[in-house]
Amino acid sequence: MKRKTTLGVTALGAVLALGLSACGGGGAATPSQSGSAPAGGGAKAEFNAALTQVFNPSDKKGGILKFANAGDWDSLDPADTYYGYSWNFIRLYGRSLVMFKPAPGKESTQLVPDLAETLGVPSDDAKTWTYKLRAGVKFEDGTPITSKDVKYGVLRSLDKEVFPDGYTYFNDTLDLPKDYKGPYKSKGVNTDKAIETPDDQTIVFHLKQAYSGFDYFAQLPATIPVPEAKDTGAKYKEHVISSGPYKFDKNEIGKGFNLVRNDQWDAASDPNRKALPDGYEVTTNVNADDIDNRLLSGDLHVDIAGTGAQPATLGRVLTDPALKANTDNPTITRLWYTSINGNVKPLDNLDCRKAVEYAADKVAYQTAYGGEFSGGQIATSLLPPGIPGHQDINPYPAGADNHGDVTKAKEALTACGQPNGFETNISYRAERPKEKATAEALQQSLAKVGIKLTLKPFPQADYFALYAGKPGYAKDNKLGLAVNGWGADWPDGYGFLQQMVDSRVIRETGGSSNISVRDPEVDKLLDQASLETDVAKREPIWGQIDQKVMDDAYILPGIWAKSLLIRGKGVTNVFYSEATGMYDYLSMGLQ
Amino acid sequence: MTAPLDVSGTELEAAPEAVLAGAQGKAIQGRSLGQIAWMRLKRDKVALTGAGVVIFLILVAVFAPLIVGWLGHPPNDFNQDLISSETLAPKDGTGIGWDHLFGVEPVNGRDLFSRIVYGARISLLIAFLATLLSVAIGTILGVMAGYLGGWVDSVISKAMDVFLAFPLLVFAIALAGIVPDSAFGLSGDALRVSLLVFIIGFFNWPYIGRIMRGQTLSLREREFIDAARSLGARGPYIIFREMLPNLMAPILIYATLLIPTNIVFEAALSFLGVGVRPPTATWGGMLSDAVRFYTIPHFMFFPGMAIFITVLAFNLLGDGLRDALDPRAR
Amino acid sequence: MSFLELNDLRVHFPTDDGLVKSVDGLTFKLERGKTLGIVGESGSGKSVTSLAILGLHKGGRAMISGEIWLDGEELVSASAEHVRTLRGKKMAMIFQDPLSAMHPYYTVGAQIVEAYRIHHHVSKAVARKHAIDMLGRVGIPQPERRIDSYPHEFSGGMRQRAMIAMALSCDPELLIADEPTTALDVTVQAQILDLMRDLQQEFNSALIIITHDLGVVAELSDDILVMYGGKCIEYGTAEDIFERPEHPYTWGLLGSMPRLDRARTERLMPIKGTPPSLINVPSGCAFHPRCAFEGRTGGKANTQVPELLETEGGHLVRCHLPREERRAIWENEIKPNLESV
Amino acid sequence: MVTYIIRRLIWGVVMLAIVSMTTFAIFFLVPRLAGATSDSLAARYVGRTANAEQVKIAAERLGFNDPLIVQYGRFAKGIVVGADYNYGPGVERCPAPCLGYSFLTRLPVWPDLLTRLPVTISLALGAAVIWLIAGVATGVVSALRRGSFFDRASMSIALAGVSLPIFFTGIVSLVLFSYGRPFAITAPGGSFTPFFTNPVQWAYSLLLPWITLAFLYAAGYARLTRSGMLETMNEDYIRTARAKGLTERVVVFKHGLRGALTPILTIFGLDLGLLMGGAVLTESTFSLPGIGKYAIDAITSQDLPKVMGVVLVTAFFVVLANLVVDLLYAVVDPRVRLT
C-alpha cells in the first residue's frame with residue numbers, strides 16, 4: 001500500500017481491531033470527483049471484466065434495480081448493522097462523514113469525504129479529529145442536516161443494549177464520560193468531552209488515545225446522521241430517515257423493502273453518488289439457487305450478499321462461455337483456515353502440529369470450499385495477497401500436487417513421538433456445508449498418516465461462544481482442530497491479523513475468533529506494529545507475524561477466498577470494489 | 001341368543017376360511033390365527049414382494065461392509081480425481097460405471113453406492129429401534145389405560161392428548177439440535193442414534209398407545225376374558241396370558257406400519273441437519289447435500305429412491321399383514 | 001303358476017380359493033298368503049337365496065342361473081333397473097340385527113320416508129304422515145314423536161318393529177324376513193312373531209322366513225324347506241317336517257332345538273362336525289361326513305349325490321337311505337329320544 | 001354442550017401450558033446441562049466483536065440470570081397481561097398475548113407470527129382443497145370399481161405417494177418445475193404474494209407447494225376413502241338401502257359416502273390443524289416464509305421467544321382442531337354424545 005500517513009504518535013491499545021494505514025492525512029487529500037470514473041471500462045462481456053475497471057459504463061438514469069438476499073438483513077439501522085453488503089448498500093440511503101471511493105479495484109480502498117467536506121483534520125497529536133459538513137444537505141423530510149444529527153447518530157450507536165449487533169470502535173476510542181450508556185439511558189449527560197458540535201457544520205471527535213486511522217471510523221455507518229426527533233431506538237430500522245439519494249418507501253422486515261428517490265437529496269452536495277436508477281427493490285429470504293437462476297435470466301440484477309454463485313450454478317456458468325463471460329472472480333481478503341489448538345494433547349507438541357500442516361490435502365480443502373473459482377486459491381500462509389505485508393511464503397509445502405506430503409508428515413509425527421499417529425477431534429459449524437466438507441476432507445487426508453479425526457459439528461450461533469471458541473470446552477472435549485475463517489472489516493494488516501493471532505483476545509468465557517494462537521512473541525510484534533508509524537517499517541512486521549504463526553503451526557491455512565460473482569443483465573457501471581469485497585452497489589444503473 | 005348347533009366351538013362367522021376349508025376330513029382342526037394369516041399372506045404376491053425387499057434391505061444393512069468391500073469403496077473415502085475442480089461435479093457428469101455403481105458425489109467424489117448401502121444401516125437401525133420403543137411404551141401404557149380404566153386411564157389418555165398436541169417435528173428438531181455432542185456417557189454415532197431413537201420412539205408412542213387402549217377396551221368386554229376372570233385369574237395373568245396374545249396381531253400390524261413412518265422421520269431430521277453426524281452416511285443427509293447440487297440429478301436420485309423403495313416395501317408388507325391378520329379391515 | 005316360483009336357482013361366487021356354490025339348484029313354490037320357512041345352518045345358502053330373489057346379487061361377482069318367477073315375471077333375466085323398481089314395492093325384506101341394518105346417521109322416519117317416496121311420488125309431508133301411520137301399526141307408541149329418533153335411540157324390539165314398518169311401507173306382496181328375531185330376547189321374539197303373523201294376514205302377502213331356529217318356523221310356517229350345503233335336502237309341510245322328518249340332518253336340527261317342555265337335565269343332541277365347505281363340497285352326499293347313518297347306505301354316501309325325491313304328498317327328501325329305513329330310524333331311534341320325558 | 005365446550009377449552013389451555021412449559025424447560029435446561037452459563041448464552045445474541053461487558057449487558061437484558069421459574073413466569077405473564085418493552089428512547093406496551101421479543105432481531109414475535117400465518121394458512125387450505133377433492137374422488141371411484149384398471153393404477157400411485165417423503169418430491173418438483181428449469185411452472189422462494197394483493201399471483205406462487213403437499217395427502221386420503229368406502233358398502237344398512245329399491249346413485253352418495261366420510265372428516269380436521277401450525281418440511285423445501293420455516297429459523301438461531309411462539313401457535317391449532325373435530329363429529333354422527 002502506498003497511501004500512508006505520516007502523522008505522529010499513534011499509541012493504541014491492543015484492544016482495537018482496526019487499521020493504522022489510513023488514507024489521506026493532514027487533510028491534504030483532494031476528494032476525487034465524479035468525473036474520475038475510469039475511462040478504461042468497456043461493455044465487452046468477458047470473464048473478470050469488472051474486476052479492475054468499470055463494466056458497461058453509462059450515465060443513463062431510470063429503471064428499478066432489483067436486489068435479492070438469500071438470508072435476512074441483520075438490520076437496516078446504521079447503528080446496528082455489521083454485514084459487509086449492508087455497509088455497501090447503506091450508502092444509498094445514508095451518508096457517513098467519510099466513505100470508500102466508489103471506484104474499481106485498488107482505487108476503492110481510498111477514503112474520500114462524503115457528508116464531510118474533507119477527510120478528518122487531526123489535531124492534538126491525532127487525539128482530536130474535526131470534520132466540516134457540506135452545506136445544503138437535508139434529510140428526506142427537508143430538515144437540514146447538522147453536526148448534531150451526526151453526533152446523535154454516533155452517540156446512539158454506543159447503546160449496545162439497544163444495538164447489540166454493531167461494532168464497538170467508538171465505545172472503545174471516544175473520550176466518553178464515565179459510565180456513559182448512550183442517549184437513551186444517560187439522558188442529558190454532557191458529552192461534549194467526547195464529541196463537540198461548535199456549530200451546525202462542525203463536529204469534533206475527542207479520543208482517549210491518539211489514533212491516526214480515525215477516518216476509517218468516520219466511514220462507518222454510525223456516522224450517518226439520525227434526527228433525534230425521529231429516532232425510535234430498536235424500531236428505527238423499520239423506517240430509517242434518509243440522508244442519501246434514496247429513501248424507504250415500503251419496508252416489511254423479513255420480506256424486503258423498496259427504495260424510491262429522495263427529492264431532498266441534492267446532487268450538487270454529493271460528488272460520489274450518481275443515483276442512476278429511479279428506485280431499488282430488495283427481496284430478502286429468497287432461495288439462493290433461485291437468486292442465481294434469476295440473475296442469469298435477467299429477472300434480478302444483484303445478489304446482494306455478494307458471496308458468489310451457488311454450487312449448482314457453478315457447473316452451469318463455468319461450462320458455458322457465454323455465461324462465464326458475465327462473471328467476475330475476485331480474491332477477497334478472507335482466509336479460510338483451521339485452528340490447531342496447542343492446548344489439546346498431543347498438539348501441544350510443535351511437531352505434531354507440523355504433521356497436521358504437512359498432511360493436509362490442500363486441493364481437497366479448496367474443493368470443499370467450492371473449487372478454484374468459487375472457493376479460493378490455496379493459501380500457504382495467513383495474509384491474503386490483497387493485504388499489505390503479504391509475502392509469498394510456503395513453510396509447509398503440501399507435496400508436488402498439493403495433496404499433502406505424507407513423508408514429511410510422518411517425519412514430523414516421529415519427531416513428536418507419535419509415529420503411528422494419534423486421535424483428536426475437529427469441530428465445524430453445523431450449518432455450513434463447506435466447513436463440513438472441509439472437516440471431512442481433513443479427516444480423509446490426515447488419516448493417511450494415522451491421525452484420526454472425529455467430526456464435531458456445533459451450532460453456528462454457539463460455535464465461538466460455547467464450543468470451539470471456549471478454551472475450557474475445547475480442551476476438555478479435545479477439539480484439537482477447529483474449522484475457522486476470518487475476514488477483515490476493511491483491507492488492512494492490523495485489522496486482518498489482530499483478531500486472529502493476538503492471544504490476549506482469547507477469553508476464558510469464550511467468544512473469540514482466535515482459538516489457537518498463543519505466542520507472546522506474536523503479541524509483542526502486534527504491539528510493536530501498532531506503535532510503528534512508519535508504514536515502510538510497519539508492513540514487514542505483518543509478514544513477520546505471518547511467518548511466526550506459521551512456524552508455530554497454530555494455524556493451518558486453507559484458502560484465500562474467491563467468489564464467483566454474476567453480473568446482472570442490463571446493469572451498467574458494474575465493478576468490483578476491494579474495500580467491500582463485492583460489486584459496488586452505489587454506482588450501478590440500468591441500460 | 002340361542003345357538004342350536006353346537007359345532008365344537010368354532011366361530012363360524014369370524015373365520016370364513018374354516019368354513020371354506022373345513023370338513024374335508026372327519027377331524028376338524030381349529031386353525032390358529034398365525035396359520036390363517038400365513039396362508040393368506042402366502043397368496044398376497046404384493047405383500048410377499050414387500051417382504052422380500054425388506055429382507056433384502058436388512059441383509060444389505062447387516063452385510064454392508066462385505067457388500068461394499070466387494071462392490072464399492074469405503075463410504076467416506078474421497079475420490080477427488082474424479083471431480084472437476086472448476087464445477088465440483090464429477091468430470092463425466094455422474095461417475096457411474098463399474099467402479100462406482102451409482103456414481104460419485106460432487107465435491108469430494110465419495111462412492112454413492114457405498115454410502116447408500118451404509119445409509120441403510122442407520123435408517124433401518126433407527127427405524128427399528130424407535131419402533132420398538134414406541135411399541136413398548138405404547139403397549140404398556142395403552143393396555144394399562146384400557147385394562148385398569150378409571151383415573152389411570154384418564155391420566156394416560158390425557159398424556160396422550162398432550163403428546164399429540166406437541167408440534168412433533170419442530171420439537172424433535174429443537175431437541176436434536178440442542179443436545180450437546182457427548183452426553184449420557186455416549187458420543188459420536190452411538191449418541192446420535194440413541195438420541196434419534198429416543199426422540200422418534202418417544203414421541204410416537206401415543207399412536208400405538210391409542211390403538212392398544214382401544215383394543216384392550218374391546219377385549220376386556222369379550223367373553224373369554226370374563227371367563228378367565230370368573231375362574232379367578234388375576235390382573236397380570238389376564239394381561240399377559242389372555243390379552244397380549246390377542247394383541248399380538250395389532251401390535252405386529254402397527255409396528256410394521258410405523259417403521260416406514262419412522263424411516264421418513266429419521267430422513268427428515270437428517271435432511272434438516274439434526275440427524276446422525278457426518279460423515280456417517282444417511283439418506284436424508286445425502287438428500288440435503290444434493291439440494292445444493294440439484295443440477296446433478298443422480299446425486300438426489302439414489303438417496304431419494306432408497307428412501308422411497310424402503311418405505312414402499314414396508315408399507316406393502318404392513319398392508320399385507322393387516323389384510324392377513326385382520327380380515328375385517330379389508 | 002304360483003305367486004313365487006324358483007326353478008333350479010344357482011348362485012355361485014368365484015373366489016381366490018375356487019368357486020363357492022352358495023345355492024346349488026334350488027326349486028320351490030310359494031302362494032300369496034302362505035308362509036315358507038327356510039331352515040339351515042350358517043352358510044347353507046338361505047340368506048343368499050333371499051338376496052337372489054330380491055336381485056341384490058346383480059352387478060356383483062355372483063353368477064346366477066335358473067329362474068325366479070314373481071307374479072308371472074322372470075327376475076333372473078330381468079334388468080337390474082327393473083328389479084330395483086320391484087324391490088321395496090312388490091317385495092321387501094326384513095333383516096336381522098336392525099341396529100346395523102338401519103343407517104345410523106338418519107332418523108328412523110327419514111329412512112321410512114325414503115323407502116316410501118322412492119316408489120310413490122308424494123310430498124315429504126304425505127310420506128311422513130304415512131311413516132307415522134306405519135310406525136303406529138307395528139306397535140310403536142307415540143309414533144309422531146319417535147319418528148324423529150335415530151335407530152340407536154330405540155330398543156332392540158322397537159328397532160325391529162321400525163324395520164318391519166319400513167319393509168311394509170309400500171305394501172309388498174312378498175315379504176322375506178331374514179332371521180327376524182335372532183337379535184331379540186325371548187319375550188320380544190314372541191311379540192314380533194305375532195306382529196308378523198297379524199300383518200301377513202292383513203296384507204295377504206307371501207312370507208318367507210329364513211332362520212336357523214326351528215322354533216320360529218314352527219310358529220309361523222305353512223311349508224318348511226331345509227337347506228344344507230346350498231341344496232334343499234328336505235321339503236314339506238310343517239307337519240311333515242315336525243312329525244315325519246326323513247333326513248338325518250333334519251333330525252339333528254330337531255334334536256338340537258331347545259324346548260320348554262324338555263327336562264332341564266336333558267342334553268341337547270348336537271350335530272357333530274362343522275358345516276361343509278362350499279368349495280370342496282364333500283363327495284357324494286354333502287352331509288355324509290357328519291351323518292351317523294352313513295354306514296347304512298351301502299357305500300353310496302360318499303360316491304353318489306342323492307337326488308331330491310318325493311316320498312309322499314309333496315314331501316321331498318334328499319337321502320340315500322331307503323325310505324323304510326328312514327322311517328324306522330325316526331320312529332325307533334330318534335323320536336323316542338326327543339320325547340323321553 | 002356449553003359446559004362441554006368450556007371444559008374442553010380449559011383443558012386446551014392446560015395443554016398449551018404443559019406444552020409451553022416443557023419446551024421452555026428443555027431449552028433452558030439442556031444447554032445449561034451442557035455447561036453453558038447465562039453469559040455464554042447471551043453471547044449468541046450480540047455482535048461478533050462484542051466484549052465481555054456487552055455480553056453481560058445482554059444477559060441482563062434477556063433476563064438470563066434469573067431462575068427458570070422466574071423466566072417462565074415472565075413469559076407466561078406476557079401472554080396473559082402483556083409486557084413492557086424498552087426499545088431505547090421509550091417504552092413500548094406489548095399487549096396480551098405478548099409472546100415476547102426475539103433475542104436476535106429484538107422485534108416482537110406476535111406480529112411476526114401474524115405476518116407468517118397467512119402463508120401457512122394459504123398453503124394448508126389450498127393443499128387441503130386439492131387433496132380432499134382429488135383423494136376422496138379417487139378413493140370413491142376406486143372403491144366402486146374395485147379391481148378395475150383405474151383402481152389398481154390409482155392405488156399403486158397412492159401407495160407410492162404415501163411412501164415418498166415430501167422433502168424428496170419437493171426437491172424433485174423444484175428441479176423439474178421451478179424457475180429456470182425445464183418445465184417452469186412457478187417461481188418459489190420468498191415470492192409469496194398475499195391473496196388480497198393479487199389472487200392470481202397468490203395462487204401462482206403457491207401452485208408447486210400445493211401440488212406437492214396435496215399429492216402426499218391425497219395419496220393417503222385416497223387409500224383411506226377407498227377402504228372406508230369398501231367397508232361401508234359392505235355394511236348391512238347399505239344392503240337395506242338397496243332392498244328398499246333405492247337407485248345405486250342414492251345408495252352410494254347418500255348412504256355410502258355419508259358413512260365413509262365421517263371418519264375421514266376427523267382425520268382431515270386433525271391434519272389441517274397440524275398443517276396450520278406450519279408445514280415445516282414443505283415450507284423449508286420451498287422457502288415459503290410461513291410458520292414452519294419460521295420454526296426452523298428460530299431453532300437454528302436458538303431464538304427462544306420465537307421457538308416458544310411457534311410451538312404455542314402450532315399446539316394451539318392442534319388443540320383447536322381437536323375440539324372442532326369433536327364438535328363436528330357430534331353434529332355429523334347422531335350417536336356421538338358430548339360428555
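Analyst: Two residues count as in contact here if their C-beta atoms, placed from the backbone, lie within 7 Å. On that basis, in this predicted model, 31 residues of chain A are in contact with 23 residues of chain B. On the chain A side, the elements that contribute two or more residues are the helices α6 (311-319), α9 (362-368), α10 (371-374) and α12 (433-447), together with the strand β16 (452-458). Sorted by class, the residues of chain A that touch chain B are 15 nonpolar, nine polar and seven charged.

The other chains give the context. Five pairs of chains are in contact, and of these chains A and D share the most contacts. Chain A and chain C, by contrast, have no contact joining them, and their closest C-alpha atoms lie 49 Å apart. For the complex, the predictor gives an ipTM of 0.75 and a pTM of 0.78.

Within chain A, one helix pair can be described in detail. Helix α8 (residues 350-359) of chain A packs against helix α11 (residues 406-416) of chain A with the axes 8 Å apart and at an angle of about 170°. Angles over 145 degrees count as roughly antiparallel, so α8(A) is roughly antiparallel to α11(A). From α8(A) the contact takes A:D351, A:C352, A:K354, A:A355, A:Y358 and A:A359. α11(A) supplies A:V406, A:K408, A:A409, A:A412, A:L413, A:A415 and A:C416. These residues divide into 10 nonpolar and three charged, with no polar ones.

Helix α8 (residues 199-233) of chain D and helix α10 (residues 248-276) of chain D have axes 8 Å apart and pack at an angle of about 150°. The two helices, α8(D) and α10(D), are therefore roughly antiparallel to each other. The crossing of α8(D) past α10(D) is right-handed. On α8(D), the residues that meet α10(D) are D:Y217, D:Y221, D:L224, D:T225, D:G228, D:M229, D:T232 and D:M233. Their partners on α10(D) are D:G256, D:G259, D:A260, D:P263, D:I264, D:I267 and D:D271. By class, this contact of α8(D) with α10(D) has nine nonpolar, five polar and one charged residues.

The mean pLDDT of chain D is 82, with 92% of its residues at 70 or more. Its confidence is highest in helix α5 (residues 109-144) of chain D, at a mean of 90, and lowest in helix α2 (residues 38-42) of chain D, at 73.

Chain C remains. It averages a pLDDT of 82, and 94% of its residues score at least 70. Over residues 262-266 of chain C the pLDDT is below 50, and this stretch has two contacts in the model beyond near neighbours in sequence. Chain C is divided into domain 1 (103-171) and domain 2 (244-338). Taken over C-alpha atoms, the centres of domain 1 of chain C and domain 2 of chain C are 43 Å apart.

Technical notes
Residues numbered from 1 in each chain as written. Chains lettered and ligands numbered in written order. Predicted model: local features only at pLDDT ≥ 70, side-chain atom pairs only at ≥ 80, totals over all residues. pLDDT = per-residue confidence, 0-100. Helix = DSSP H or I, 4+ residues; strand = E, 2+ residues; numbered from the N terminus. Nonpolar A, V, L, I, M, F, W, Y, C, P; charged D, E, K, R; others polar. Domains from an automatic or database assignment. Axes fitted to C-alpha atoms, helices over the stretch in contact; angles between N-to-C directions. Parallel < 35°, antiparallel > 145°, perpendicular 65-115°, else oblique. Left-handed = near helix turned anticlockwise from the far one by under 90°.
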